[in-house]
Amino acid sequence: MEILAQAGAVAATGFGGPGGIWAHIVNDFSNITEPAALSAFLQVLMIDIVLAGDNAIVVGALAAGLPADQRRKVIFIGVIAALVLRIAFALVVTQLMQIVGLIFVGGLLLIWVAWKMWRELRAGAHSAGSPEIEGDEHSGLKPAKSFLGAAWAVAIADVSMSLDNVLAVAGAAREHPGILIVGLIVAVALMGIAANIIAKYIERYRWIAYVGLAVILYVAVKMIHEGWVDPSVGVGTLFG
């Protein structure tokens, strides 16, 4: 909890402190009916829903080879790690996006995220599945056989998945920091509370995952375009 508190304090400072965070949220959601703000919020919500279910499926699959009590511990570790990493990455990503060329690079990374997600959606099954998470039997991942192996695999997966989530949400809500903050809170809440339900529905209705994939691809293309033409941080400014 001390690490979580420290990460939260650092993130709060990056967004201007608790008062600044609240001001951003109030400002963005008081204008939520405006097309740009509403579009950003809907994109963030879809990204959070799809990636929360996808993350749950990955963590459940990696823990599937363990005894029941160890499975629950590994899944709990995955949720806590995702929470801490999203807070830390939020601060880093929002600051890096002020550097010339980083939005463009972030868009290219999201293209890779979309490609990886496309491959996972079409992958065959290798996991027997974890009873705690429905849908992970079709994840295409091989479960770990030891607690340490599963914990290490989940930690590595969490780094990638948390960065993917923050990068996608930050790209969708770059000009709306209040929506970005709420999006991260929603992402963590979904991962910790409703991930199993979301994973079940994504497995049953695969089109939900494909809609999420389309949103991520749209955000990636938008980031690449803005990362080139933006007068402040666009790559195009280097050649102007």
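The structure is a predicted model, and Leu102 belongs to its helix α5.

Two elements, α4 (68-96) and α5 (102-121), each give two or more residues to the patch. Helix α5 supplies the largest share, with 3 residues.

## Overall architecture

The protein chain contains 8 helices and 0 strands. In sequence order, the pattern reads α-α-α-α-α-α-α-α.

Of the 240 residues in the protein chain, 47% are buried. The accessible surface amounts to about 11,700 Å², and carbon and sulfur atoms hold 70% of that area. Among contacts in the protein chain with a separation of 6 or more, 81% are made between residues 24 or more positions apart.

## Nonpolar cores

In soluble globular proteins, nonpolar side chains tend to be buried together. In the present model, the largest nonpolar core has 40 residues. The members that touch the most other members are Ile47, Met97, Leu110, Ile216, Val219 and Met223. Two or more residues of this core come from each of α3 (35-63), α4, α5, α6 (147-172), α7 (177-204) and α8. The largest share, 8 residues, is provided by α8.

Which residues does Leu110 contact, leaving aside its neighbours within four places in sequence? They are Asp164, Leu167, Ala168, Ile216, Val219, Ala220 and Met223. Ile216, Val219 and Met223 are also named, with Leu110, among the core members that touch the most others. Apart from this core lies another one, of 11 residues, which includes Val59, Leu62, Val74 and Ile75.

In one of them, the ring centres of Phe104 and Trp228 are 5.9 Å apart and the ring planes meet at 55°, so the pair is classed as tilted. Phe104 is partly exposed, at a relative accessible area of 21%. Trp228 is likewise partly exposed, at 41%.

Trp118 and Tyr210 form an edge-to-face pair, with 5.9 Å from centre to centre and 70° between the planes. Here too, distant parts of the chain are linked: Trp118 is in helix α5 and Tyr210 in helix α8, 92 residues apart. Why do Trp118 and Tyr210 count as partly exposed? The relative accessible area is 32% for Trp118 and 33% for Tyr210, and partly exposed residues are those between the 20% limit for buried and the 50% limit for exposed.

Is Asp230 buried or exposed, given a relative accessibility of 15%? Asp230 counts as buried, because the class covers residues under 20% relative accessible area. Leaving aside neighbours within four places in sequence, the contacts of Asp230 are with Arg174 and Thr237.

His24 is part of helix α2 (residues 17-30). With a relative accessible area of 30%, His24 is partly exposed. The C-alpha atoms of His24 and Val182 are 9.9 Å apart in space, although the two residues are separated by 158 residues in sequence.

Ala153 is placed in helix α6. Its relative accessibility of 22% puts Ala153 in the partly exposed class. Between the C-alpha atoms of Ala153 and Gly78, the separation is 9.8 Å, and these two residues are 75 residues apart along the chain.

Note on methods
Residues numbered from 1 in each chain as written. Predicted model: local features only at pLDDT ≥ 70, side-chain atom pairs only at ≥ 80, totals over all residues. Heavy atoms only, no water. Helix = DSSP H or I, 4+ residues; strand = E, 2+ residues; numbered from the N terminus. Buried < 20%, exposed > 50% of the residue type's maximum accessible area, 1.4 Å probe, protein only. Contact = heavy atoms within 4.5 Å. Areas by Shrake-Rupley, 256 points an atom, 1.4 Å probe, with all protein chains shown as cover. Phe/Tyr/Trp six-rings, centres within 6.5 Å; stacked < 30°, edge-to-face > 60°. Core = buried A, V, L, I, M, F, W, Y, C linked by side-chain atoms within 4.5 Å.
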